Amino acid sequence: MARAWVVRHQLPVQLAPLKLEDRPVPWPGAGELLLRVRACGVCRTDLHVAEGDLPLHRPNVVPGHEVVGVVAAVGEGVTGFTEGDLVGVAWLQDTCGFCRYCRSEQENLCPLSVYTGWDTDGGYADYTLARAAYTYHLPTGYPDEELAPLLCAGIIGYRALWLANLPAEGRLGIYGFGASAHLCAQLARALGARVHVLTRSTAAQQLARELGAVSAGTAQDGPPEPLDAAILFAPAGELVPPALEALDRGGTLVLAGIHLSQIPELDYQHHLYFERGIRSVTANTRADAQQFLQIAAEHRLRVVTTLYPLDAADRALLDLADGRVRGAAVLLPDPPRQRRR
């Protein structure tokens, strides 16, 4: 038997929507890998699934889609992986492979796409199954707890930055400064961008300055200069108008979350004229993941984490909801002294 947290009922996180239970260790089918989980990031998407902002796709689903694990068993037909490999699992778990989106390098838009920790059981557990074709070999030089946030926070930040059309040495505004934002800021800085962070958390503002942000303040204060692009990581629709107002002519605002609260009414002349644009981010492709992980292998990123034992997954989600997590929250099934490759 193995431990696994399940979403028993979709409730506010203060009312304990997750329940820890014992489950049989699963066995991989054709095309699958069985992973012994070494670390799993705690993403705001997990909070949306637990609280009901997103519909429940699978009863008693195990959340978690930033999974670092060791291959414990290999299913029939799998190549490229052997027992003992350290691998990663991200949000995108499967696609149809035949629709016009899959055939045009837009598999993230596949109508039949399947997601880890939403459609299939994820990494808030001792063991999990993963589709081998959507599993990644990981860069060396990072401890397990730092690899986990790369698998969603890092990948989504990378895609958001790409969609932002930031010019060389451009001015980027980042709204919200959690797991994804603190990695995205480092990517932007590596491209020579001037990064301005807008967040209400004084601790996050301090972290932003440590990571090289030119300025760090609140969205109400706004950035000290017009922006070429902005990325909204906070799930707060009320920040869309001030973020658009902060854009220079031709700027792009990217909405990087899977869920966003209601956006207030926009004024065309005030918010959108002069060719300002809005883009949303929908999941990621495997190419995004592979490209980002290659960047992470070549350029050591600083991954800031707040660690929790697996038994405290419910507390980690509560801390995330209340803004008490610095960087990325990560679950560790085994205490550090017991962990082994």
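Visitor: Is Phe233 buried or exposed?
Guide: A residue is called buried under 20% relative accessible area, exposed over 50%, and partly exposed in between, with a 1.4 Å probe and with protein chains only. Phe233 has a relative accessibility of 15%, and it therefore counts as buried.

Visitor: What kind of model is this?
Guide: Residues are numbered from 1 along each chain as its sequence is written, and side-chain values use heavy atoms, with hydrogens and water left out. Local features need pLDDT of at least 70, side-chain atom pairs count only at pLDDT 80 or more, and totals for chains, interfaces and linings use all residues, for the model is predicted.

Visitor: Where is Phe233 found?
Guide: Helices (H or I, at least four residues) and strands (E, at least two) are DSSP runs, numbered from the N terminus. Phe233 lies in the loop between β13 (227-232) and α5 (240-245).

Visitor: In which helix is Ser180, and what is its relative accessible area?
Guide: Leaving aside neighbours within four places in sequence, Ser180 is in contact with Ala153, Ile156, Gly157 and Phe233. Ser180 has its place in helix α3, and it is buried, with a relative accessible area of 12%.

Visitor: Why is helix α1 described as largely enclosed by the rest of the structure?
Guide: The buried residues of α1 are Thr45, Asp46, Leu47, His48, Val49 and Ala50, and they pack against β1 (2-7), β2 (18-23), β3 (32-42) and α8 (313-321). Helix α1 (residues 44-51) is largely enclosed because the buried share of its residues is six of the eight.

Visitor: Within what arc do the buried residues of α4 fall?
Guide: In helix α4 (residues 202-210), the buried residues are Ala204, Gln205, Leu207 and Ala208. They line one face of the helix, because their arc, seen down the axis of α4, is 160 degrees. That arc is taken from the directions from the helix axis to the C-beta atoms, and the value within which these residues fall is 160 degrees.

Visitor: Which elements do the buried residues of α4 pack against?
Guide: Following α4 is Gly212, whose phi is positive, near 100 degrees. The buried residues of α4 themselves pack against α3 (179-190), β11 (194-198) and β12 (215-217).

Terms used: Contact means heavy atoms within 4.5 Å.
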